[in-house]
Amino acid sequence: MQETELHDLSDDADYAASQIHGSVYMTRSDGNKASSSAEPEGAELVYLKDNVTIHPTQFASERISGRLKLIKQGSSLFMNWIPYKGQNSDARLSEKDKNLYTIRDISFSDVRSIRRHTPTLGWQYIIIVMSSGLAFPSLYFYSGGVKEFLATVKQHIFLMRSAEDANVFLVNDFESPLQRTLSSLELPRAVSVSNVPLASTSTLLGELPSNESQDISHANTAGANSSALYNGRARQKVHDPARDLSIHVLEKFSLVTRFARETTSQLFREGLNNGFVGANERRARNLSSVDFSNEPVNEAEKAPKGADTLPDPIEFSKMTLVWGQPRQAPLGLTEWATYLDSEGRVMDSKAMRKRIFYGGVDHLLRKEAWPFLLGYHAYDSTYAERDYLKCVKKIEYETIKCQWKTISAEQAKRFTKFRERKGLIGKDVVRTDRSFPYYEGDDNVNINCLRDILLTYSFYNFDLGYCQGMSDLLSPILFVMEDEAESFWCFVALMERLGPNFNRDQNGMHSQLFALTKLVELLDGPLHNYFKQNDCLNYFFCFRWLLIQFKREFEYESVMCLWEVLWTHHPSEHLHLYLCVAILKRYRNKIMGEQMDFDTLLKFINGLSGQIDLNSIIRDAEALCICAGENGAASIPPGTPPSLPLDDGLLYPQLEDDVL
């Protein structure tokens with residue numbers, strides 16, 4: 001493998017000049033140091049910058065400004081970012097929300113790289129990427145200061161620029177990093193973003209040689225505040241090697257190795273010691289125990305004889321006290337008609353969604369109901385308006401599709417990103433649900449349709465493009481809609497909610513895993529403590545569940561039923577997180593009784609595919625959601641997928657002059 005060529009920052013005239021400015025700035029900071037009592041004894045404040053801001057959402061009122069500091073203590077350099085208190089009193093974010101983003105005492109020995117963004121229009125910002133591959137929210141410098149920040153960092157640690165991307169600066173990279181793969185995963189072509197030379201991006205597009213697969217057990221742990229890592233949505237950039245590498249990490253969503261476990265366990269250990277978690281512990285203790293004993297117990301859920309497991313504070317056998325209605329028959333065509341007026345408007349969308357939650361939708365009705373649930377059709381639209389929209393959107397789809405269909409062979413030779421995405425999609429679709437009758441057999445036209453929709457989507461959403469896992473999400477939609485254009489627009493609507501799962505910084509996935517940690521702590525303290533003691537708090541064994549919405553865990557028909565239940569957003573838009581908790585609680589006795597470590601637990605969780613009773617788990621999840629109440633909702637950070645898209649901005653803003 002070709003080693004990454006690195007250049008020192010001194011080869012940049014801008015940075016040579018900024019060394020002077022940085023020194024002046026540090027002098028001013030040192031002058032302020034004498035009057036500050038907040039720094040630890042023996043620590044030296046070497047950089048201070050006010051009005052450094054995080055953008056948790058697209059709303060200007062929810063931006064969080066704070067003070068950024070670099071602190072030298074001994075031979076170590078630390079970074080802090082503390083939000084101002086009492087700012088923006090009209091903002092929708094509470095002080096508790098702001099505290100989730102606080103960054104305290106991040107050692108640069110745990111930082112992998114710093115990416116700077118200097119768009120022609122707009123504010124400069126940086127993204128800090130940890131050794132584990134996790135990224136903090138973007139830090140926007142409203143009054144400049146990025147150059148001075150980097151110059152200060154360079155004076156205290158070893159900082160090198162990547163030859164592949166002039167805006168990426170590698171921290172303490174004394175040797176060319178080795179390519180490390182997630183060796184225990186099922187899917188091909190994935191590596192960790194934090195451990196692969198940036199110049200080696202092109203090698204990731206093919207299959208990795210088996211002899212390059214390693215289990216790295218001595219990786220550095222990132223000493224970061226997990227709540228900051230798991231919140232905030234970094235803005236997107238189109239042609240970005242770091243994004244491409246992260247895409248390959250997402251491609252291995254089915255499993256996670258010991259390396260991933262070790263590089264993230266420290267994040268959770270530290271994050272779970274903050275005040276946010278302490279509040280959850282108090283809430284968990286205050287939840288009343290409910291006792292019931294009517295639920296059947298699967299043999300796989302039982303603990304081995306003689307095993308000593310702590311009791312479940314919220315036992316499923318007692319949940320009848322908080323259960324809602326029992327599961328019903330699917331919503332049929334006749335009953336569906338009662339929810340519509342004479343012109344086709346849905347008269348009570350809340351009642352209709354609640355009905356679907358408790359029974360799902362008859363398959364013959366899905367083609368009509370799914371566009372409503374996905375948000376493609378408005379509930380107050382008429383038959384005529386929907387027919388008109390179908391015609392207009394079909395033309396629009398064909399226009400977008402024509403963009404890639406008309407690319408000649410000569411153009412394709414000069415369009416690397418198109419060739420890469422087309423090749424990746426081509427490999428994935430031929431492996432998607434091929435045992436299902438709709439997609440089985442050679443030269444299947446539905447496979448070709450699947451490929452065309454995904455390629456068209458990569459042109460429709462240049463910034464996000466295509467990531468492995470998307471074909472799994474599209475497959476049931478195409479099967480139900482049986483129309484290429486309508487399937488495309490339904491898929492677009494779904495990706496508005498789940499797109500952050502595939503972001504380059506994986507922020508959407510991290511925020512869900514972080515929320516899952518809080519919910520388990522709230523609803524099952526003993527299980528949470530067990531995971532903590534066994535270095536399982538990263539919850540990466542649930543990664544596949546969240547990324548593709550349990551697609552691999554149930555039979556095809558059950559997956560469609562589950563998805564339409566989740567799309568109702570009743571009783572919570574984050575019911576999928578409670579589903580995860582319900583499954584873990586269902587098997588808690590076996591997990592704890594057999595003293596499963598991370599690797600054993602990972603194998604066990606993946607082995608549950610096809611063995612989970614869907615209706616029981618949905619009822620359990622609903623009960624847990626009701627039981628958690630507002631405390632559960634407060635455990636989920638703002639913007640956690642699948643939150644509905646914002647009305648005043650794009651999910652994937654293109655800030656720089658990049659192309660597909």
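Close-up 1. At 7% relative accessibility, R544 counts as buried (buried means under 20% relative accessible area, exposed over 50%, partly exposed in between, with a 1.4 Å probe and protein chains only). E553 is also buried, at 1%. Their side chains form a salt bridge with an N to O distance of 2.9 Å (a side-chain nitrogen of Lys or Arg within 4 Å of a carboxyl oxygen of Asp or Glu). The model is predicted: local features need pLDDT of at least 70 and side-chain atom pairs count only at pLDDT 80 or more, while totals for chains, interfaces and linings use all residues. Residues are numbered from 1 along each chain as its sequence is written, and side-chain values use heavy atoms, leaving out hydrogens and water.

**Close-up 2. K401 and E484.** The structure holds 23 salt bridges. One of them joins the side chains of K401 and E484 at 2.9 Å, N to O. K401 sits in helix α11 (residues 383-405) and E484 in helix α16, so the pair ties together parts 83 residues apart in sequence (helices are DSSP runs of H or I with at least four residues, strands are E runs of at least two, and both are numbered from the N terminus). K401 is buried, with a relative accessible area of 12%. R451 and D452 join K401 and E484 in a network of salt bridges.

**Close-up 3. K417 and E420 in helix α13.** The closest N and O atoms of this salt bridge are 3.7 Å apart. Both residues lie in helix α13 (residues 416-429), three residues apart, and are therefore separated by about one helical turn. K417 is buried at 7%, whereas E420 is partly exposed at 24%.

**Close-up 4. The largest nonpolar core around F531.** This core has 121 residues, of which M470, F531, Y539, F541 and L584 touch the most other members (a nonpolar core is a set of buried Ala, Val, Leu, Ile, Met, Phe, Trp, Tyr and Cys residues joined through side-chain atoms within 4.5 Å). Helix α16 (residues 484-498) supplies the largest share, ten residues. Beyond neighbours within four places in sequence, the contacts of F531 include C536, L537, I591 and L601 (contact means heavy atoms within 4.5 Å).

**Close-up 5. The cysteine pair C580 and C542.** C580 is buried at 0% relative accessibility. Its closest cysteine sulfur, in C542, is 5.0 Å away, too far for a bond. The disulfide count is zero (a disulfide is a pair of cysteine sulfur atoms within 2.5 Å).
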